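Work through the exercises below with the coordinates open. Each task is followed by a solution in short steps.

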Amino acid sequence: MIEHHYTDPRIPGSRRLATFDACQQNEPLAAHVSSTRADDFRTRLRVVDLSSLDVVALQASSCRVDHTPALVTESDPQLCAVVLTIDGGLELQQDGRETLLGPDQLGLYTSSTPFRLDISPGHPTTSLLRVQLPKSRLAIPDHAVDGLTAVPITSRYGFGALLKDFLFRLTGDSSEFRTDDLYRLAELVADLITALLAQQRGRDGGADCVDVARTALLQRIDDHVHDHLSDPELSPRSIAAAQHISIGHLHRLFTDRGYTIAAWIRRLRLERTRQDLQDPAQDLVPIHRIATHWGFADHSTFTRAFRREYGMTPQEARFERSGRPTPRTAQSVLVDGSPSTAATSRGTS
């Protein structure tokens, strides 16, 4: 767990705000942070990184977080976030909707359209929990997710209560979990959020019979893909055959998601390979075997796709997790066949 403090009284509040703003602008879901009380700004956050998603416990004084139209145009990382108010208050605006989230309420927002979070309106400070994860981790259609942004959802009972209790436990003491538990924890969080949003969708009565049938079919397709992700024969044709629909119908079902089913399968496979590469229990498993296990028949094709998706090679991803120097870095510290000063100091530190 990583903890950051922006509360040091020796540092002017405006500098603390500027530091926090710079950090948020460098996040995958970038945003600008401002405050009408900049001179007294203070915040503390704890981050639990589960590799494919992260959980944040935040306590902050009054501030505004803006994901602007310019930031949306610049990049859409296809992320969604669920925020739970513990105490204080939070105002959320997105997609023409605006809601004030009090204690025991949660809300949803995504990276695909501008949003605004007003933290602590009328309160000295607000405490909240926030989960951020790729849309692809949710086994519900994008249009169903988009229809629930800035809608208040209770966390007093049902899946909302389960999610809140789980995140409390996770952010309260993550030391009880091992590094190789991260994948399972991420799956649990994603499943709870999927169940919560699906339940809320049903309560809102926003879908007619046709939409219900379509959602059910997409759920079956999602389940089939996840169950057969390691099968190299998984393809739009095999999926359509398994669901007794035409390939054309399958592609039309994915139109609202904004990406093709082939691209979605590739993204899921890349996520699984990256998780395995960052799993200490699989350090001795060759990279090509991990790639093959997740359905990549050609190693060079896998390496190119991995680099395009994550900006690094699979080998660099494995070394990144371990904290060891990559082979490229290790070679760079050798001069005339002898370790350089940098290599020596690193070996003795």
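**Exercise 1. Which strands do Arg 116 and Asp 66 lie in, and how far apart in sequence are the parts that the pair ties together?**

Solution. The model is a predicted one.
- Step 1: find the contact. The side chains of Arg 116 and Asp 66 form a salt bridge, with N to O at 2.8 Å.
- Step 2: Arg 116 is in strand S10 (residues 115-119) and Asp 66 is in strand S5, so the pair ties together parts 50 residues apart in sequence.
- Step 3: check accessibility. Arg 116 has 28% relative accessibility, so it counts as partly exposed. Asp 66 has 15%, so it counts as buried.

**Exercise 2. What is the strand order of the open sheet of five strands? Which strands are the edge strands?**

Solution. 
- Step 1: read off the order. The open sheet runs S2-S5-S10-S7-S8, and its pairing is antiparallel.
- Step 2: find the edges. Strand S2 (32-34) and strand S8 (97-101) each pair on one side only, which makes them the edge strands.
- Step 3: take the angle. On average, neighbouring strands of this sheet are turned by 15° against each other, direction ignored.
- Step 4: inspect one pairing. S2 and strand S5 (residues 63-67) run antiparallel and are joined by three bridges. Ser 34 stands opposite Arg 64 in S5.

**Exercise 3. How many bridges join strand S3 to strand S4, and how many residues lie between them in the hairpin?**

Solution. 
- Step 1: count the bridges. Strand S3 (residues 43-49) and strand S4 (residues 54-61) are joined by seven, and they run antiparallel.
- Step 2: pick a partner. Thr 43 has Ala 60 in S4 as its bridge partner.
- Step 3: look at the turn. Four residues separate S3 and S4 in the hairpin. Ser 51, in this turn, has a positive phi of about 75°.

**Exercise 4. How many salt bridges does the structure hold? Which residues are joined into one network by shared partners?**

Solution. 
- Step 1: take the total. The structure holds 11 salt bridges.
- Step 2: examine Arg 97. Its partner is Asp 95, and the closest N and O atoms are 4.0 Å apart. Arg 97 is partly exposed at 28% relative accessibility. Asp 95 is partly exposed too, with a relative accessible area of 33%.
- Step 3: examine Arg 137. Its side chain meets that of Glu 187 in a salt bridge at 2.4 Å, N to O. Arg 137 lies in the loop between strand S11 (125-134) and helix H3 (142-146), while Glu 187 lies in helix H5 (residues 182-204), so this pair ties together parts 50 residues apart in sequence. Arg 137 is buried, with a relative accessible area of 8%.
- Step 4: name the network. Salt bridges with shared partners join Arg 37, Asp 40 and Arg 42.

**Exercise 5. How many aromatic pairs does the structure hold? Why does the pair of Phe 254 and Trp 264 count as tilted?**

Solution. 
- Step 1: count. There are six aromatic pairs.
- Step 2: classify. The ring centres of Phe 254 and Trp 264 are 5.7 Å apart and the planes are at 45°, so the pair is tilted.
- Step 3: Phe 254 is in the loop between helix H8 (247-253) and helix H9 (261-277), and Trp 264 is in helix H9, so the pair ties together parts 10 residues apart in sequence. Both Phe 254 and Trp 264 are buried.
- Step 4: find the cluster. Phe 296, Phe 302, Phe 306 and Tyr 310 are linked by ring pairs.

**Exercise 6. Which rings do the arginines Arg 267 and Arg 274 lie over?**

Solution. 
- Step 1: take Arg 267. Its charged end sits over the ring of Tyr 259, 4.8 Å from the centre.
- Step 2: take Arg 274. This residue lies over the face of Tyr 310, 4.4 Å from the ring centre. Tyr 310 also belongs to the ring cluster of Exercise 5.

**Exercise 7. How many disulfides are counted? Is Cys 80 buried or exposed?**

Solution. 
- Step 1: apply the cut-off. A disulfide needs two cysteine sulfur atoms within 2.5 Å. The count is zero.
- Step 2: check Cys 80. Its relative accessible area is 0%, so it is buried.
- Step 3: check Cys 23. Its relative accessibility is 31%, so it counts as partly exposed.

**Exercise 8. Where is Leu 71 found, and what separates its C-alpha atom from that of Ala 31?**

Solution. 
- Step 1: locate it. Leu 71 is in helix H2 (residues 69-74).
- Step 2: check burial. Leu 71 has a relative accessible area of 14%, so it is buried.
- Step 3: take the distance. The C-alpha atoms of Leu 71 and Ala 31 are separated by 7.5 Å, with the two residues 40 apart along the chain.

Note on methods. Residues numbered from 1 in each chain as written. Predicted model: local features only at pLDDT ≥ 70, side-chain atom pairs only at ≥ 80, totals over all residues. Heavy atoms only, no water. Buried < 20%, exposed > 50% of the residue type's maximum accessible area, 1.4 Å probe, protein only. Phe/Tyr/Trp six-rings, centres within 6.5 Å; stacked < 30°, edge-to-face > 60°. Helix = DSSP H or I, 4+ residues; strand = E, 2+ residues; numbered from the N terminus. Lys NZ or Arg CZ within 6 Å of the ring centre and 35° of its normal. Pairing = 2+ DSSP bridges. Axes fitted to C-alpha atoms, helices over the stretch in contact; angles between N-to-C directions.
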